[in-house]
Amino acid sequence: MVFDIKPEPGNPRNSEGDTILLGDGRLLLAWSHFKGREDHATADVCDIISDDGGVTWGPERVLVSAEEAELNVMSVSLLREALTGDLLLFYLRKNSLADCQLFLRRSVDEGETWGAPRRISSRDGYHVMNNARVVQLASGRLLAPVALTPDYGETRHQNAFCYISDDGGVTWREGRGSTDIAESAVGCQEPGLVDLGQRTLMYIRSDQGYIYGAISTDGGETWGLPAPFRDLPAPAGPATIARLPGGRLVALYNHRPDGAQAGWADRTPLAAAASDDGGDSWQRLEDIEPSTDYCYGYTSFRVYGENIALTYYVWPRGARAGFEQTTLRFRMLPLERLR
């Protein structure tokens with residue numbers, strides 16, 4: 001099943017989405033609704049709701065207005081907080097290349113209304129947190145993984161770490177340690193997390209030709225040095241890794257044997273790979289999107305019962321300019337396809 005949120009006049013780009021299952025079985029999809037094509041163009045966070053499992057969708061509404069920021073609001077993560085049952089909505093508020101901060105809104109009525117925004121990032125600078133990135137560990141701890149540089153206009157080298165909450169998202173603090181790829185021009189970009197039980201895996205975008213991974217053994221406080229997943233060659237583009245029921249890890253990424261030589265317009269195909277040993281080795285599965293006429297990225301990956309809900313952008317490689325004509329695609333797959 002596929003549903004596309006297509007670009008329209010005045011809305012050339014739809015990207016960075018996430019989904020969450022509401023208490024009555026409806027599905028909420030939120031995403032970055034851009035009024036320009038570039039990352040710093042004006043954008044709102046919008047949502048739509050489906051009451052038939054994603055076949056049809058209701059009207060669009062604005063959840064977070066671009067008027068909150070000097071540039072835009074974007075990159076949404078949705079999570080049902082286990083301690084309270086509340087819905088949490090995380091997003092970036094971007095004011096400049098030296099000021100991009102992480103904010104949180106809370107809903108106590110299943111997404112009908114959302115509370116006032118609260119900043120959870122405590123450091124100055126330019127934070128990046130991709131869509132669908134916040135996780136809650138079995139302990140109840142919330143982890144928001146970020147990459148940070150003081151000024152993105154001066155240096156793109158970023159360190160990765162987590163903001164941490166141990167009270168259901170009421171208060172937040174910075175973890176005690178960060179991690180870096182010292183030999184990289186850009187460092188650790190666009191981190192994501194997977195709870196492995198006794199360990200937490202951070203997966204990282206790099207410019208080194210592979211997806212990288214780092215491990216925490218203390219609940220996201222500190223991190224080991226990143227190392228490449230040699231079975232996951234990729235350009236400088238984001239991956240998403242999720243843990244299926246039973247423990248299998250599935251990575252969605254752009255499989256590129258040319259690795260670091262591939263450019264941002266080479267984020268194709270959208271490939272799947274599986275690991276049954278905690279990420280030590282990976283076996284490539286079938287491609288989710290095999291056509292090389294398009295690029296794919298910024299995937300959300302949610303398991304709902306016996307189905308998997310994905311969102312990701314689809315950009316035609318023949319477009320006249322970057323991220324012009326970008327569609328946000330929602331796709332529902334049977335869980336068995338990736339087991």
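This chain has zero helices and 25 strands, where helices (H or I, at least four residues) and strands (E, at least two) are DSSP runs numbered from the N terminus. Its radius of gyration, taken over C-alpha atoms, is 18 Å, close to the 20 Å that the globule rule gives for 339 residues, so the chain is as compact as a globular protein of that length. That rule is 2.2 Å times the number of residues to the power 0.38. This is a predicted model, in which local features need pLDDT of at least 70 and side-chain atom pairs count only at pLDDT 80 or more, while totals for chains, interfaces and linings use all residues. Residues are numbered from 1 along each chain as its sequence is written, and side-chain values use heavy atoms, with hydrogens and water left out.

**The chain as a whole**
- The C-alpha atoms fill a box of roughly 45 × 45 × 45 Å along the principal axes.
- Of the 339 residues, 60% count as buried, meaning under 20% relative accessible area with a 1.4 Å probe, protein chains only.
- Among contacts (heavy atoms within 4.5 Å) with a separation of 6 or more, 50% join residues 24 or more positions apart.

**The nonpolar cores**
- A nonpolar core is a set of buried Ala, Val, Leu, Ile, Met, Phe, Trp, Tyr and Cys residues joined through side-chain atoms within 4.5 Å.
- The largest one has 24 residues, and F90, L102, M129, A144 and W172 touch the most other members.
- Several strands give two or more residues to this core, including strand 7 (87-96) and strand 8 (99-107), and strand 12 gives the most, with four residues.
- Another core, of 17 residues, lies apart from it, and L22, V76, L78 and Y91 are among its members.
- Leaving out residues up to four places away in sequence, W172 touches F90, L104, I120, L142, A144, Y163, I164 and S165.

**A look at T268**
- You can find T268 in the loop between strand 20 (249-253) and strand 21 (271-275).
- T268 counts as buried because its relative accessibility is 0%.
- Its side chain reaches the backbone oxygen of S291 at 3.2 Å.
- Beyond neighbours within four places in sequence, the contacts of T268 include N254, H255, Y294 and R317.

**The cysteines**
- A search of the whole structure finds zero disulfides, a disulfide being a pair of cysteine sulfur atoms within 2.5 Å.
- For C46, the closest cysteine sulfur is in C100, 18 Å away, which is too far for a bond.
- For C162, the closest is in C188, at 12 Å, again too far for a bond.
- C162 counts as buried, at 0% relative accessibility.

Note on methods:
Buried < 20%, exposed > 50% of the residue type's maximum accessible area, 1.4 Å probe, protein only. Polar contact = N/O pair within 3.5 Å; in protein donor to acceptor, adjacent residues only side chain to side chain.
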